[in-house]
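Student: I am new to this structure and would like to go through it step by step. Could you show it to me?
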Amino acid sequence: MSGAAPGDSAIPVRPLLPETGLPHDNLDAYRAALAEGDKQLRERFVAGDDIETLVADRARLVDRILLHAWQHCGDDDPAIELVAVGGYGRGELHPGSDVDIMILLPDDPDSAQRTRIGTFLTFLWDLGLDVGHSVRTVADCVRGGREDITVATALMEARCLSERHTSFDAMRAAVGPDHLWPSREFFEAKLAEQVARHLRYDDTAYKLEPNVKGSPGGLRDIQMIGWVAKRHFGVQTTRELVELGFLTNNEYGRLRQGRAFLWKLRFALHILTGRREDRLLFDHQSRIAEMLGYSDANHNLAVEQLMQRYYRTVMELGLLNEMLLQLFREAILMDPNAPATPVSRRFDIRNGYLAAADDEVFKRDPATLLECFRLLQQYPDLQGVSASTIRQLRGALDLIDDAFRSNPDNRATFMQILSSDRMVTHALRRMNAYGVLGRYLPGFGQIVGRMQYDLFHTYTVDAHTLFVLRNLRRFARKPPDPAYPQCAQIMQGLPQPALAYIAALFHDIAKGRGGDHSELGAEDAEQFCLQHGLSQYEARLVAWLVRHHLILSVTAQKKDIDDPQVIHEFATTVGDEQHLEYLYVLTVADVTGTNPKLWNSWKASLFEELYLLTRRALRRGLGNPIEVETLIRDTQEKALVLLHGDDAADQPTPKLWSRLPDGYFVRHAPEEIAWHARLLANSDADDRPRVAVDREGSRGGTSVFVYSPQRRHTFAATTAVLDQLGFNIVDARFTRTRDNASIETFRVTETDGEIIDDPHRAEAIARGIREVLDNTSPVQPGVTRRAPRRVRMFSTPTLISFSEDTPNRRTMLELTAGDRPGLLSQIGQIFRDNNAVLETAKITTVGERAEDVFYLSSAGGGPLDPEQCDRLRTSLKTALDSL
């Protein structure tokens, strides 16, 4: 079924080719005519011509080219008919669209006909058209259509280009619903096809690089509506669905407007790439935003404006698709006269859907705009809300105003939805899809469809927020989720889980406003809580969670949590165990809801360790922090037990320990210390470097041990080897012994964030590092891997800041730069050249950015002086900005 372009209205077309006069035997003339026609279309697109006209004109241009070529190959066989199928059959072509045609005959072609068909197709390929073709008889069409729903669909949209259409008419009759794929079977098959397609895109329209054709809410969803309507109702245009009562005029306008916007994006993609391209890749988003007239504004880039419109468009189209398919389901599969089962005075259950008892329910009693979602929670077996009720609800959204939001009964209903023991995420997602959530919480309405132009945030802000809420609900579910045992245990012990849900709703609600979104969101959250009947303490707790929702993640990933002072400061900020527990589950839910690839065993271990260390500090009392001497003694005793078992008390300490500074025992766990002691039991006997890999994993990563009898600044060389082998380096710790040897421990993971299981990979690490340590050349090994395409699309400015870690007599360097292979190795070489001694490195990759923290000291010990910091800053900026 065509939409507005070929069929909904008669659109005048500018002549792109002469009706006659194109030389039949001159391929260059055809190429020139096609190129001129496409050039005109590009110019008209840039000038802002109507996109529906352009898409139809591209099909008409190809029609004329093909018909001229058909005549060139001999139009004297009345048995052969030329048929357009697929999108070309609908009369809808973009600059790079496939041109799908069918050569239709009453019987199998003879040798002369095969020659003519071959000549024609060869001519089209030589012309440069991307032609998909089939040669079929009417019987072939029937057989293929019966076996394959996609073939039946393509034939349903076929359009005959030849003047004679005897076989075409016979084919259309033979493949109609009276002969194959009756309406019921066709609908069920196409619905299953849509479900499978949505799953291929993770069942979300909110991908960073969506597909304008195939993603949920995309062009294929609009076509789905047309296919079903044409098959069952026999309509030829979308407009006819208004006359049949399936669409209102307003909905038809939104459908047509949404399709036009997606067509603009697709047309622009084809122009920019010079080929068929339906993915809105980062490579193209900014250029398309500029092409379509968007410009940067305060706190909102042009590309973010474009993508917000895209996400809001596909959200609207997805809802229209849901409504229409539900109406079709009722008309095709269900009993329209099925009895209704009342569930309240205002709502019934009909055919498994929640339905308004009459057409005036929402207007008569606006409170029902929230009540229907509460009923969905109370009746979890419902398939959803009926299409007619969705339509009524959306028509009444203007009733959600300040008076509605101030109504105590409405506030109570909203809190009941949030506090329900089931279907919380389900209800809020529907509220968002239907526009209710953004009306009830105006701040939430501002983040609907809002994207952030980076690789860190995979979803739009509203979608991310609901994923965070979903994750919290997973933690609360019984039996406990085995993937998150600590979170499940904590969540199920919280006195009021709804407080965490409210914090999730508000933690990013102020993004895009300018200023600190955590502070602004905290203000909104506290006001919401007080308005909805929560106590002052509860309101302050939720506001604190929103204000500090990033602090646990930042502390774990950027600070040295082996330092008791770091733990004490963090515990002081948190204050008590209840705040810690709420913060921990919210943080894990936030990180796992930001980007599925962010959460791995390393982060899980790191966050859990910070939680446990902080809980221990809180239980000791903030006024009674653990002393470093006590921590060292406890660590050594545990390491001795690991080395000697029950006889540890009678065994002497390893000779190695006398060569190590106190900081070593603070920065390493007992398991690591025991491992190192075994490896270096005879380190006095020779002067060889030693390398070992612990495949058992610790703290969620694989430990790589490097010992150099004479300190050699090996960080640059070691990281180059690890990077070249394709490992992620997440942590590095360095200890200089009293006799100037070096003990280095790297924690590495595979690219997916998991430990290294493959023994061959582990051996490759040890072998590669040994080779570079045995090489006395000052030239470091290079990293030849290329950065991924997505990363190369971003230009991240290099940011450098220094601060003094006074208790530990060292300097903390925080560096943000564009992530790239070899970055750490280059930084290590700069540290060496500037006599900066690296003690600890915390490595974090945030999408396309590296956000690393390095703890440095001078060659003689102590923090770097101001002049050394300035030299280091200059060297880093010069090197990293030049890449």
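This is a predicted model: local features need pLDDT of at least 70, side-chain atom pairs count only at pLDDT 80 or more; totals for chains, interfaces and linings use all residues.

Student: Fine. With which residues is L66 in contact, leaving aside its neighbours within four places in sequence?
Tutor: L66 is in contact with L82, Y88, V99, I101, F120, L124, L129 and L161, once neighbours within four places in sequence are set aside.

Student: How many residues does the largest nonpolar core have?
Tutor: The largest nonpolar core has 203 residues. L66, F120, F328 and F414 are those with the most contacts inside it.

Student: And which helix gives the most to this core?
Tutor: That is helix α14, spanning residues 302-332, which contributes 17 residues. As a general remark, nonpolar side chains tend to be buried together in soluble globular proteins.

Student: Let us move to helix α38. Which of its residues are buried?
Tutor: In α38, residues 823-833, the buried ones are L823, L824, S825, I827, G828, I830 and F831.

Student: Which residue with a positive phi follows α38?
Tutor: N835 follows the helix, and its phi is positive, near 55 degrees.

Student: New topic: Q377. Is it buried or exposed?
Tutor: Q377 counts as buried, because its relative accessibility is 1% and the cut-off for buried is under 20%. Q377 lies in helix α16, residues 368-378.

Student: What does its side chain make a polar contact with?
Tutor: The side chain of Q377 makes a polar contact with the side chain of R374, at 3.1 Å. Beyond four places in sequence, Q377 is in contact with Q416, I417, S420, R422, M423, V424 and A427.

Student: How many disulfides are there?
Tutor: The count comes to zero disulfides. As for individual cysteines, C372 is buried at 1% relative accessible area, and C529 is buried at 0%.

Student: Finally, what pLDDT does the chain average?
Tutor: The chain averages a pLDDT of 88, and 92% of the residues score at least 70. Over residues 2-21, however, the pLDDT is below 50. That stretch has 56 contacts in the model beyond near neighbours in sequence.

Note on methods. Residues are numbered from 1 along each chain as its sequence is written. Side-chain values use heavy atoms; hydrogens and water are left out. A disulfide is a pair of cysteine sulfur atoms within 2.5 Å. Buried means under 20% relative accessible area, exposed over 50%, partly exposed in between (1.4 Å probe, protein chains only). A nonpolar core is a set of buried Ala, Val, Leu, Ile, Met, Phe, Trp, Tyr and Cys residues joined through side-chain atoms within 4.5 Å. Helices (H or I, at least four residues) and strands (E, at least two) are DSSP runs, numbered from the N terminus. Contact means heavy atoms within 4.5 Å. pLDDT is the predictor's confidence in each residue, from 0 to 100. A polar contact is a pair of N or O atoms within 3.5 Å; within protein, one must be able to donate a hydrogen and the other to accept it, and residues adjacent in sequence count only if both atoms are side-chain atoms.
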